[in-house]
Amino acid sequence: MNLENLRNIREKAQTVKKQSTEKGQIKLIVSMSTSGIAAGARAVMTTIMEEIKERNIENVIIAQTGEKGLQTKEPIVIVEAKDQPRIIYGNVTPEIIKMIIVEHILNNQPVQKYIFHTE
Amino acid sequence: MAKRLELLICTGTGCTSNKSLIIAEELKKEITKQGLQDEVEILTTGCRGMCEFGPVIKVYPDNILYAQVKIEDVPHMVTEHFLKGRPVKELIWTGDNKDEIEEHKHPFFEKQMKLVLSNCGEIDPESIDEYIGASGYSALGKVLSDMTPEDVINEITEAGLRGRGGAGFSTGLKWKFTRQAPGDEKYVICNADEGDPGAFMDRSVMEGDPHAILEGMIIAGYAIGATHGFVYTRAEYPLAIHRLQIAIDNATEYGLLGKGIFESNFNFKIEIRKGAGAFVCGEETALIASIEGKRGMPRIRPPFPAQSGLWGKPTNINNVETFANVRHIIAHGAKWYKNIGTETSSGTKVFALAGKIKNSGLIEVPMGMPLREVIYSIGGGMKTDRPFKAVQMGGPSGGCIPEHLLDTIVDYDSINKTGAIMGSGGMVVMDTSSCMVDIAKFFLNFTQNESCGKCTFCRVGTKRMLEILTRITEGKGKMEDLDTLVELSDKIKKTSLCGLGQTAPNPVLTTLKYFKDEYIAHIVDKKCPAGVCKKLVTFEIDPEKCIGCTACARKCPVKCISGTPKNPHVIDQEACIKCGACYDACKFDAITKG
């Protein structure tokens, strides 16, 4: 590892991040911390994977992240898409994530009721 | 495969009571009847928040919302819309359509300032590339290519970074002492043995941004001249250990750990050591003993670990949060960092907000923010209707800060003045339903259990204090007990080797200082004002208010309430177990708790 390698990896990671949403891909990020998992994030994650597979959705990237902080809103799911603010859903259950997939991911209609923060 | 049409039927409580489940069944039948079952998918969903217009059905991909659908509308809807493709206009919801994304800004995030937590909830903690993408390891690159170890130590010292484990010693000075200590082999230890009840700051950083800790440790290693680092954490944090190990493996693979990092001649490796969860092992000398494979017990200092630590070699120990701050100081400079926070405490502090607060969770605020702002602006105030009573800071080593001191600002020295300590960052908010004597007893019970037993006063003194507190909560206390508590506290503080004993009396001392009247109420009036201490609580039925509905008698688990219907009931005080079931069951406020 030298400084140039590091710069290359950094630039590549930043490009991948930028390009993914520019290409029309949607990123679904589940907060998989101990608090998230305790609140049911694993079931939400499994549901996402099942739904994506069953519906043959190709433009979705599934990712995980750590704790966002507000534990009363766990499990938290973040949706990143082109030309949209980052939308953060709270208290997501398998049932709600199905709703989000159909409405927000497939039909671009964010489910207002479960959004608690945008950035 | 996705079907041609998708119907989302709301089955929240509101819509269900408007027969949405029956409508879903009817739709299914009608769709099958018309042979559309392979083309139309029916999904039952959670509440959409339009309860007064229920039942609501959303149709995709047409993006049509039907409201106030009735059972008799079903056949028409299926034929017209789902078969022929002509939406039923009369049923379409024409109100507020909410196509635009509304501005959702949660106040929880507004006043925070995230340095340590900047990557938590943002990047994938198991991807080193994402960490590097967020400027990760660039501070390490800068250190190894442009800075001498002395430069690094000066930068950290000038930034005014103080140990985030609680005591608040200058990190730069600690590094300097370890660097100056003679010895060819030195060690860096990350103290991730987080044990305060209600605290989870370190866990979240390890789980959310493990590389930030590694980067801080490697920089510390370079600064003090160490080649080997340990992360000491507890086995009860399996996910944190898992992610940290992935981070170590990935960093090693990338050559960020190992030999000749960044083409310099600096070598560094990191290993994880799992503790069994003894609270005393958060104390640095006990922690070192535990890593060495010995029983976790503190020893006399000096010599400090900086002179003689792990296996007798100079050792630098910092907390998780301290290490996570390092990369920001190197990247932005000491001056920038010094500008955040107050004169004596620079930077930010992470807190775990818990208890009777609306927005419980993990927060990071600049030093100098008043506690009131933390609790009311970020925490959103109280969760219940009951008013604020106190905030417990610093866990078992800390104390309770009452309402009138809420304008105290968050920094080491101001918090210390109240008798509490900054600690590692636990903040438990309490309302009037908490009994302060009981809280003091809870924390003392914790430290009493966790005392390693080496120092007599910590071992026996805390036991005696706990016995006195237990007596007080049972109504058997005497006024002299309060003096004995203070005297014992003083002795324990003075004669204990380590932080555990030296701070164990703090919860008792602060509650005695700010809530003495509650102790007196327990001792003199034999009453627990908050109604927590069972032996001091009595439930009584007011015969004026009791209408004899028998609700309480039916709920009583020990059947100690007698009376005939429509006549006032009576509680048998001898048999009553003070469970409070009758109090909750009474709809006429006839039962008093006192």
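At what angle do helix α6 (residues 138-146) of chain B and α10(B) pack, and how far apart are their axes? In this predicted model, local features need pLDDT of at least 70 and side-chain atom pairs count only at pLDDT 80 or more, while totals for chains, interfaces and linings use all residues. Residues are numbered from 1 along each chain as its sequence is written, with chains lettered from A and ligands numbered from 1 in the order in which they are written.

The two helices pack at an angle of about 10°, with their axes 9 Å apart. Axes here are lines fitted to C-alpha atoms, for helices over the stretch in contact, and angles run from 0 to 180 degrees between N-to-C directions. Helices (H or I, at least four residues) and strands (E, at least two) are DSSP runs, numbered from the N terminus. On the α6(B) side, B:Ala139, B:Leu140, B:Val143 and B:Leu144 meet B:Glu215, B:Ile218, B:Ile219 and B:Tyr222 of α10(B); contact means C-beta atoms, placed from the backbone, within 7 Å. Sorted by type, these residues come out as 7 nonpolar, no polar and 1 charged (nonpolar: Ala, Val, Leu, Ile, Met, Phe, Trp, Tyr, Cys and Pro; charged: Asp, Glu, Lys and Arg; polar: the others, Gly among them).

Now for the sheet. Chain B has an open sheet of 4 strands in the order β7-β6-β5-β8, with parallel pairing; strands pair if DSSP finds at least two bridges between them. Its edge strands, each pairing on one side only, are β7 (269-275) and β8 (315-319) of chain B. From one strand to the next, the twist averages 20°. Helix α10 (residues 210-224) of chain B packs on this sheet, touching β5, β6, β7 and β8 of chain B, and its direction makes about 150° with that of β5(B). Strands β5 (residues 187-192) and β6 (residues 228-234) of chain B pair over 6 bridges, and B:Tyr187 stands opposite B:His228 in β6(B).

Helix α10 turns up again in the largest nonpolar core, which has 140 residues: α10(B) supplies the largest share, 10 residues. Such a core is a set of buried Ala, Val, Leu, Ile, Met, Phe, Trp, Tyr and Cys residues joined through C-beta atoms within 7 Å, and buried means 20 or more other C-beta atoms within 10 Å of a residue's own (exposed: 12 or fewer; partly exposed: in between), with C-beta atoms placed from the backbone. B:Ile213 and B:Ile219 have the most contacts inside this core.

Methods: Two residues are in contact if their C-beta atoms, placed from the backbone, lie within 7 Å.
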